[in-house]
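Here is a brief report on a set of protein chains. Look over the sequence and the model first.

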Amino acid sequence: MSWRDVAALASRNAGRRPGRVVLTVLAVALATALLTALVTIARTAETRVLDQVAEGGPVSGISVSPAEPSEDQADQDVARGGDFRAIDDAVISDVLDLPTVREVLPVVSTPVFVVRPFERPDGRRIGGFRERAVGVDTSRPTLIPVTPLAGRLPAPGSMVDVAVTESYLRRMGLDRTEAEQILGTEIELGAGRLVDGPGGQEISGRWRRLQVVGVVAQGAGGGQLVVSLELARSDQAWTTSGTDGGVELDASASPYTGLFVVAKGIDQVGPTREAIARLGFASSAPENLIASVDNYLGVVEIVLAAVGLIALVVAALGIANALLAAIRERRREIGVLKAIGARDRDVLRIFLLEAGVLGFVGGIIGTGIGILASQVVGAIVNGYLADQGLAGIALVLPPEVFVGGVVGPTLLAVAGGLLPARRASRLSPREAVSA
Amino acid sequence: MPVPAVVVEELSHSFDTARGALTVLDGIELRVTTGEHLAVVGRSGSGKSTLLSLLGGLETPQHGRVEVLGHLLGELGRDELARFRATQVGFVFQHFGLLDTLTALENVELAGAIAGAPRAARRAQAETRLEQVGLLARRDHRPPALSGGERQRVAIARALVNEPRLVLADEPTGNLDDEAAATVADLLASLPSTNGATVVVVTHDHALADRADRVVRLRGGRVHGADSGAAVPG
Amino acid sequence: MRRAGFAVLVLCGLLGACGLGDPAATPTVTTDPPVVVSYVAIGGDRSGDDDPDSQRRQVWPRLLFREHLPAQAVFALLSRPGATVEEALRSQLPGALELEPTVATVWFTAGDVEQSTPVDRYRADLDELVGALADFGADVVVLFEAGTPSAYAEAAQTVAGAHGAAVVEVAEPGDQGQIAAQVAEALALPE
């Protein structure tokens, strides 16, 4: 029999037991849908991470400290600084000249006093406190390793804008979902410096009124207040102009208290850190953390993929079972086919094709449902992210999902149909004349 | 002397059952002349169907020699036997053996497809055979829409589509009323002259057996009597 | 099928922890044109309480800074209770000039009256101090308390007049808000 004749016969047989066929196809479809949805969602997440890493976003960032490196610096995630070493504009230019470096973001962290607000939004009085203001170049927001929860970052060069962190929110008795409430409030902040007074050393404050323009998710360089680089440098200069050079108030003598260096990709983080160590500076990078997160995610991926595959295998077993039932019912028919001349392989092909058709149809339906389901999950995730004040995601539909979602179940169905089809092919033509 | 279409010598066959081996055929000797219309009669369990299966290559003989149309069936492999069944033999079953999912024409054509006939040729041949059995008008009906007699005539058309030299029929009128049975009997009786085929019919339908050139009776696994056109005792 | 699965929460956590938020979510805005106001409060009266607790008591220079000066203003409270003008020339003026003041308030008398500084000496020191601030380009306001011995009060007014500084006579030294409003008025600042 030609393949065309076999296909015609197999497709006719598929319509013979509509109930059974529908249930079998449904099982395949659901398994395919599960796998497709898992793969799509997983791939979306993975793609975003890989994109960030590959494009040298904040994930491949390195923090440089104003200190000499320890000997095993490159193997450490955390900066193990030696003696103090100032970071100035010349150092920034040296680091920028490194071939593996994409960008350098200078950071200035300086001690400040906060005297206002006097009370929290809930009316409880709070005292003044010491804090650190962290200045960054906010004209390059994509490089800054913080995620905005509400509002925006301070405008570049602004002397009145401040973004606060979650820990500031907590101090104000708010959680991250209430971040909007803090926007527009004022903070009175002073840089101190040590001066000689009549009664000995005194702290003299220089005060500013800042308006909260944003809330960010992470602690920013050890401070709760993110300001423009200019503001932080001005306050740092004030504090270090004191009689003790700012030591008493814990101001750094380095013009920049740190650099955030973005390497050209995650694979360049190691070489860049070595080069920075050669320039004489300690550095830290979460590369080992990323690696372990990546490994962990790998395990999760495998488990989820296995869940989907198990579902598909179960569906394939369903196909095998349906075919076995069909063969039991159709013994005489198979006998007749053989009696009128069908060879073993003709019968084998008929049943394999029937299995394949079930898998193929189930795969198409399942891929469609799966993509739909991942859209729904994507919408739910985006809702969750929006609630948390995080940016949403766009679904990634890998082309192999479409191909794999149809070819995979078809092949698995054929594999599942192999045993029953073989059994059918070995049936004796004598079945045709048995009573 | 006419060329024999079928030569059976010392054919014995048994089945394994729970109570041990059951001998169904026991030293059968039989010759069927080319163009002959032979009826094989006997009680249920007398081995009629087994003999037919062996003649049609549905089974391979355990002992003895079965030569059909020049083929020694005991020496053919599975694929050769399949090819033999597809091209040399036409089968007619008591239960018709039609596929409900195919139309009458497609059922007839299926045998051509299995034999590997070109599409156009087998379609034409199928239409010719349906016409021969008087069912061309019902070519697009599926078996459930046909009467028993019509179904058996479609089955006969299918048996003839590859122009076999031997037609084997197993109780072809067993499920039919008298009128339909008579029509089928007429058809089968006409095959030697119209199609040049040798016909072997297994039956316990007297009317059908009466139409044969010769009747052999199986009893206890052996052939008894080889009358030509003789009446068959009940 | 390459490594391909994350739980939803893992995904959310990762996006949060690694700062993978959409960069478009951090818009930048243009900087306001800098209206630099640098205000220094110099003196020896009670306004000089700069310890954290008194900051909360809302002394008038702080109220002036907070409620009457523009948002971009910086402010330093250099006054110290009981300080004389002579001391201030040494301990307050250099710091004040470092801040490049555009606005300065000057309120002495209590310390000098208490220490009986000769009026001529007081006038000369105050002249040097206000002169230095005015020469720098700061809008200067000289304050004195109603009831101050007339010689000192006259000296303060004379010095102020000589340097084009405004004068505020404080009638209610306990009413910090009132003092801040008076100074703002003298500087022609918004209420």
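## Basis

This is a predicted model: local features need pLDDT of at least 70, side-chain atom pairs count only at pLDDT 80 or more, and totals for chains, interfaces and linings use all residues. Residues are numbered from 1 along each chain as its sequence is written, while chains are lettered from A and ligands numbered from 1 in written order.

## Helix pair in chain A

Helix H1 (residues 3-14) and helix H9 (residues 344-387) of chain A have axes that come within 8 Å and cross at roughly 55°. Helices are DSSP runs of H or I, at least four residues, and strands are runs of E, at least two, numbered from the N terminus. Axes are lines fitted to C-alpha atoms, for helices over the stretch in contact, with angles from 0 to 180 degrees between N-to-C directions.

H1(A) and H9(A) are therefore oblique to each other.

## Chain A against chain B

In this interface, 21 residues of chain A are in contact with 25 residues of chain B. Contact means C-beta atoms, placed from the backbone, within 7 Å. H8(A) gives the most to the chain A side, with five residues.

## Chain C

Chain C has nine helices and five strands. From the N terminus, their order is α-β-α-α-β-α-α-β-α-α-β-α-β-α. Among contacts in chain C with a separation of 6 or more, 80% join residues 24 or more positions apart.

Terms used
Contact = placed C-beta atoms within 7 Å. Parallel < 35°, antiparallel > 145°, perpendicular 65-115°, else oblique.
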